[in-house]
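Here is a short report for a first look at this protein. Keep the sequence and the structure side by side as you read.

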Amino acid sequence: MVDDSRKEALRKAALDYHEFPKPGKLEIRATKPLANGRDLSLAYSPGVAEACLEIKADPSTSSRYTSRGNLVAVISNGSAVLGLGNIGAAASKPVMEGKAVLFKKFANIDCFDIEVNESDPEKLADIVCSLEPTFGAINLEDIKAPDCFIVEQLCRERMNIPVFHDDQHGTAIVVGAAATNALLVQKKKFEDIKVVSTGGGAAGIACLNMLLKLGVKRENVWLCDIAGLVYEGRTEEMTPQKAAYAQKSDLRTLDDVVEGADLFLGLSGPGVLKPEMVSKMAKAPIIFALANPNPEIDPADLAKVAPDAIIATGRSDYPNQVNNVLCFPFIFRGALDVGASEINDEMKIACIEGIAALARATTSAEAAAAYSGERMTFGPDYLIPKPFDPRLMGVVATAVARAAMESGVATRPVDDIEAYKASLDQSVFKSAMIMRPVFAAASQVERRIAFAEGENESVLRAANAMIEETTDKPILIGRPDVIAMRAERAGLKIRPGVDFEIVNPESDSRYRQYWQAYHGLMQRKGVTPDLAKAIVRTNTTAIGAIMVQQDHADSLICGTFGQYLWHLNYLTQILGTEKLHPVGALSLMILEDGPLFIADTHVHPEPTPQQIAETVIATARHIRRFRTEPQIALCSHSQFGNLDCDTGRRMRAALEILDSEPRDFAYEGEMHTDSALDPELRNRIFPASRLTGPANALVFANADAASGVRNILKTKGGGLEVGPILMGLGNRAHVVTPSITARGLLNMSAIAGTPVSEYG
């Protein structure tokens with residue numbers, strides 16, 4: 001009864017997901033403005049004629065003037081849908097819409113799903129081929145075997161754009177990547193192994209074809225289906241594709257041929273592989289039981305008879321899920337970007353190599369966050385990366401694009417493949433573009449960056465990335481055994497005392513030096529020697545700040561837990577001087593239409609006019625670190641003197657302070673935020689404004705307003721935060737917030753990794 005109620009609840013949730021708030025999973029949105037008569041004349045008649053004539057003169061310009069170069073058709077006749085069988089074209093539409101959503105989500109490729117009422121494979125191929133002018137590539141989906149082979153072959157022969165049957169080749173690519181790494185773990189080679197496969201459908205045949213390309217010998221492949229072994233002379237349930245794997249043998253059943261097999265490849269049905277069959281296989285066998293929803297053998301049953309076996313399934317609740325989403329978005333991304341005329345074997349193998357290599361690399365922090373609680377260290381239970389690993393785009397699509405160019409099928413080759421990869425990474429890591437000048441400046445020096453919360457997993461991942469990607473040296477404050485254990489659990493290759501320095505609060509040779517230094521700074525502020533000893537033994541922020549003060553580190557990053565002002569208090573005590581003191585916190589919000597800086601989000605709850613002016617000056621200095629010219633708006637409830645309110649008075653007083661000396665940046669105030677961001681509105685209200693275009697920095701009269709805007713942009717506006725950047729302490733320390741990611745910490749380490757002299 002409980003299971004039935006759960007199934008009904010899931011069924012209801014799935015139907016609601018597809019129906020509300022509007023039916024389906026896709027919609028069409030315009031990419032150009034259509035707000036006035038001029039826009040209309042450009043979008044349609046007469047302006048559209050110019051684009052038409054350009055394409056008529058040179059059809060290749062279609063990718064310049066239309067969406068064709070980033071548009072894929074997902075086409076099905078519904079004859080073999082998931083585990084549902086031949087349900088027809090109309091019933092297949094939810095699946096095809098879902099496929100289109102995956103293209104958009106993982107590779108930013110636009111799709112039309114097209115469901116065709118046509119069961120004749122040659123007629124279906126005619127329909128697909130007639131669509132070539134509309135699309136940059138074709139994804140054939142859920143077409144039964146052997147019809148799918150016929151449709152794909154005819155389309156590939158007649159079309160000059162990539163045609164890819166994902167059920168065949170997508171599965172084969174991911175299986176190839178998983179097999180590559182499984183053999184590496186089990187210390188075996190493709191050319192030496194015996195393969196036994198069940199299922200002679202499209203995916204099964206494609207997987208075997210791919211295994212041959214990877215080095216498996218044809219004579220070592222034994223294919224079984226519902227009628228038993230595929231052998232020479234068999235006529236029952238045969239196709240030309242199966243016949244290519246017919247063995248000259250007197251054996252007839254799976255049980256007969258499985259003995260000594262190194263790799264079982266199942267694309268058939270539940271329970272096909274019995275535990276007693278596994279016991280006949282070679283030592284350290286590899287089992288790919290990919291039937292869905294129930295695999296050919298239950299992983300628990302497999303573990304009982306072959307504890308040294310590696311298993312992969314098609315399910316997400318077991319290790320090593322063979323999921324086509326690891327492949328198809330990125331192989332299409334690479335193919336589209338170089339105008340490939342086809343997806344050839346070289347591109348498929350490049351895709352395999354890219355996927356396999358990613359699993360062997362350190363797990364990304366973003367993937368770890370998406371799969372919280374799962375151990376993702378390369379080995380028997382982690383052969384292939386997870387679908388939400390953001391590195392897939394850059395690594396796999398670039399490998400595919402390079403292979404297309406090297407094999408001669410790219411009609412629009414890219415000039416700089418590394419720049420192309422960087423552009424893909426920027427599309428995934430939103431901070432990559434604007435952070436580039438900061439990383440470039442940081443790479444010119446080598447700075448020691450201390451992390452107060454060195455036991456935090458996000459800090460460990462950031463430190464790992466620093467070692468791999470920058471010249472800076474991380475110093476982690478924490479217990480060595482805890483750091484080592486958590487690094488191991490997170491699948492990180494870095495090791496304490498080898499790859500980075502550790503400061504152990506419980507036992508460090510500099511303890512006496514540190515507590516005495518802290519006591520010397522604080523002895524006239526109520527801090528006794530015993531209290532100083534206790535703080536330096538337990539307070540990692542204080543330890544990190546003393547390290548910077550004693551020149552044992554160049555900068556400190558703290559704040560991954562706890563309250564901002566608590567951390568700031570110790571930084572001010574230890575690092576503050578008459579010249580250096582916290583001025584304000586600056587948050588860079590990366591939005592869809594560009595960056596926006598927000599200040600002061602944390603330091604001064606109700607800043608004085610002098611503090612506001614200092615914040616504006618510091619904001620301008622820091623904005624230029626990102627190779628951006630400041631356009632700073634002083635924001636308040638009052639707008640250009642129309643209200644006599646507290647925030648307006650303080651902003652006007654700050655403006656007078658700023659105006660008292662020449663400034664080399666643009667600023668204006670006091671004004672509302674909409675006037676700051678909308679130059680047309682601002683010019684109607686105050687034509688004499690010193691700003692040009694939208695403001696790129698908003699300075700508020702209290703921290704509540706600044707922090708509120710920051711949080712709204714982050715949680716509801718899709719903004720990605722870099723920061724907060726602590727201004728005024730000479731780049732010697734920064735206090736982040738508990739919501740920061742490992743990527744955010746890496747960005748902050750680059751900011752901390754630039755000497756203050758480098759940015760004024």
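Glu 237 counts as partly exposed, at 48% relative accessibility. The model is predicted. Glu 237 sits in the loop between β7 (228-229) and α10. Its phi is positive, near 55°, and the residue is not a glycine.

Asn 108 is another non-glycine residue with a positive phi, of about 55°. Its loop runs between α5 (89-107) and β2 (110-115). Asn 108 is partly exposed, with a relative accessible area of 45%.

## The whole protein

The protein has 760 residues, and 52% of them count as buried. Its secondary structure comes to 31 helices and 21 strands. Along the principal axes, the C-alpha atoms fill a box of roughly 95 × 75 × 55 Å.

The protein exposes about 33800 Å². Carbon and sulfur atoms supply 53% of that area. Take the contacts with a separation of 6 or more: 70% of them come from residues 24 or more positions apart.

## Two cis peptide bonds

Phe 20 and Pro 21 are joined by a cis peptide bond, with omega about -5°. Pro 21 belongs to the loop between α1 (2-19) and α2 (37-43).

A cis peptide bond also joins Asn 292 and Pro 293. Here omega is about 0°. Pro 293 is in the loop between β9 (286-289) and α13 (299-305).

Helix α7 covers residues 147-158, twelve residues in all. At 1.5 Å a residue it should span 16 Å, and its end C-alpha atoms are 17 Å apart, so the two values agree. Its buried residues are Asp 147, Cys 148, Phe 149, Val 151, Glu 152 and Cys 155. They pack against several elements, among them β3 (137-140), β4 (163-165) and α8 (166-186). Helices α6 (121-129), α9 (202-213) and α10 (240-243) are also packing partners of these buried residues.

Helix α31 covers residues 742-752. Ten of its eleven residues are buried, so the helix is largely enclosed by the rest of the structure. The buried residues include Ala 742, Gly 744, Leu 745, Met 748 and Ile 751.

Ile 311 is in strand β10 (residues 310-313). It counts as buried because its relative accessibility is 13%, under the 20% cut-off. Leaving aside neighbours within four places in sequence, Ile 311 is in contact with Ile 287, Ile 297, Pro 299, Leu 302, Pro 319 and Asn 320. Ala 182 is 129 residues away from Ile 311 along the chain, yet their C-alpha atoms are separated by 9.0 Å.

Val 583 lies in a loop, between α25 (564-575) and β15 (584-591). Its relative accessibility is 8%, so Val 583 counts as buried. Not counting residues up to four places away in sequence, it touches Asp 600, His 604, Glu 614, Thr 615, Ala 618, Met 727 and Gly 728. Val 583 and Leu 729 are 146 residues apart in sequence. In space they are 7.9 Å apart, C-alpha to C-alpha.

## A cavity

The count comes to one cavity of 30 Å³ or more. About 50 Å³ of space lies in the largest cavity.

Which residues line the largest cavity? They are Val 503, Asn 504, Pro 505, Asp 508, Tyr 511, Tyr 514, Val 536 and Ile 543. By class, the lining has six nonpolar, one polar and one charged residues.

Conventions. Residues are numbered from 1 along each chain as its sequence is written. This is a predicted model: local features need pLDDT of at least 70, side-chain atom pairs count only at pLDDT 80 or more; totals for chains, interfaces and linings use all residues. Side-chain values use heavy atoms; hydrogens and water are left out. On a 1 Å grid over the protein atoms alone, a cavity is a set of points where a 1.4 Å probe fits but cannot get out, and a pocket is an open set with protein on both sides within 12 Å along at least five of seven lines; lining residues have an atom within 4 Å of a point. Grid points are joined across faces, edges and corners, and a volume is the space filled by probe spheres set on the points. Ala, Val, Leu, Ile, Met, Phe, Trp, Tyr, Cys and Pro count as nonpolar, Asp, Glu, Lys and Arg as charged, and the others, Gly among them, as polar. Helices (H or I, at least four residues) and strands (E, at least two) are DSSP runs, numbered from the N terminus. Buried means under 20% relative accessible area, exposed over 50%, partly exposed in between (1.4 Å probe, protein chains only). Contact means heavy atoms within 4.5 Å. The expected span of a helix is 1.5 Å times one less than its number of residues. Accessible areas come from the Shrake-Rupley method with a 1.4 Å probe; for residues, only the protein chains shown count as cover.
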